[in-house]
Amino acid sequence: MKLQVAALGIVLASLLSAPAMAGFGAGADRELPMLDRGISSSYILSSPGHPQRFQINIDQPTTLRVASDHFPGESSVGVRITARLYDDSGRLVEEATSPRGHFKIERQVQPGNYVLEVSGASTGAKREGMRDRYELHVSY
């Protein structure tokens, strides 16, 4: 009897936890943070295998400019940062990489939804320090 109750408990727990675990996947269903004109909040630099993704919605043909910046007084030497801009079909539109912690993308774009991926790493410094933080400057 105790074995049957334990087995039933395991079955119920697995049924109830499966939908919750599915919601914590790689983020395919999760809505991306929106990047608007101006200066973004600060973000912690993500490793290349786990980029931070942002959505940019463009409503008319324009020049999109996105640049990263670190906090004043913080050295960005040894901070490698990469940004990739994808169009709404998933095609890579532009890529910028810098070994000094500052990327800049400037591209003529058509109306549509774009995704910006940012990733990188710092060498020789404690992870998640101020030098691992960046802001995005966006204009279009």
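Before I describe the sheet, let me say what pairing means here: two strands are taken to pair if DSSP finds at least two bridges between them. Please also keep in mind throughout that what we are looking at is a predicted model.

With that in hand, here is the sheet I would like to talk about, which is an open sheet of four strands in the order β3-β8-β5-β6, with antiparallel pairing. The strands β3 and β6, the latter covering residues 92-98, stand at the edges, and because each has a single partner strand, one side of each is left without a neighbour in the sheet. On average, and ignoring direction, neighbouring strands of this sheet are turned by 15 degrees against each other.

Let me step back for a moment to the protein as a whole. The protein has 140 residues, of which 33% count as buried. It exposes about 8900 Å², and carbon and sulfur atoms supply 55% of that area. When we take the contacts between residues at least 6 apart in sequence, 70% of them join residues at least 24 apart.

Now back to the sheet, and to strand β8 in particular, which runs over residues 112-122. Is this strand mostly covered or mostly uncovered? It is mostly covered, since eight of its eleven residues are buried. On one hand, β8 is joined to strand β3, residues 52-58, by seven bridges, and the two run antiparallel.

Which of the two is buried? Aspartate 87 is, because its relative accessible area is 13% and buried means under 20%. Arginine 91, at 48% relative accessibility, counts as partly exposed. The backbone nitrogen of arginine 91 lies 2.9 Å from a polar atom of the aspartate 87 side chain. Leaving aside residues up to four places away in sequence, aspartate 87 touches Val93, Asn113 and Tyr114, while arginine 91, with such residues left aside as well, touches Leu85 and Tyr86. Arginine 91 and tyrosine 114 are 23 residues apart in sequence, and their C-alpha atoms are 9.7 Å apart in space.

My last topic is the aromatic rings. How many aromatic pairs does a search of the whole structure find? It finds two. In one of them, tyrosine 43 and phenylalanine 54 form an edge-to-face pair, with 4.8 Å from centre to centre and 70 degrees between the planes. Tyrosine 43 lies in strand β2, residues 43-44, and phenylalanine 54 in strand β3, so this pair ties together parts that are eleven residues apart in sequence. Both tyrosine 43 and phenylalanine 54 are buried.

The rings of tyrosine 43 and tyrosine 134 have their centres 6.0 Å apart and their planes at 35 degrees, so that pair is tilted. Since tyrosine 43 lies in β2 and tyrosine 134 in strand β9, residues 133-139, the pair ties together parts that are 91 residues apart in sequence. As for how covered these residues are, tyrosine 43 has a relative accessible area of 19% and is therefore buried, and tyrosine 134, at 1% relative accessibility, counts as buried too. Through these ring pairs, Tyr43, Phe54 and Tyr134 are linked into a cluster.

Notes. Residues are numbered from 1 along each chain as its sequence is written. This is a predicted model: local features need pLDDT of at least 70, side-chain atom pairs count only at pLDDT 80 or more; totals for chains, interfaces and linings use all residues. Side-chain values use heavy atoms; hydrogens and water are left out. Buried means under 20% relative accessible area, exposed over 50%, partly exposed in between (1.4 Å probe, protein chains only). Contact means heavy atoms within 4.5 Å. Accessible areas come from the Shrake-Rupley method with a 1.4 Å probe; for residues, only the protein chains shown count as cover. Axes are lines fitted to C-alpha atoms, for helices over the stretch in contact, and angles run from 0 to 180 degrees between N-to-C directions. Rings of Phe, Tyr and Trp (its six-membered ring) pair if their centres lie within 6.5 Å; planes under 30 degrees apart count as stacked, over 60 as edge-to-face and the rest as tilted. A polar contact is a pair of N or O atoms within 3.5 Å; within protein, one must be able to donate a hydrogen and the other to accept it, and residues adjacent in sequence count only if both atoms are side-chain atoms.
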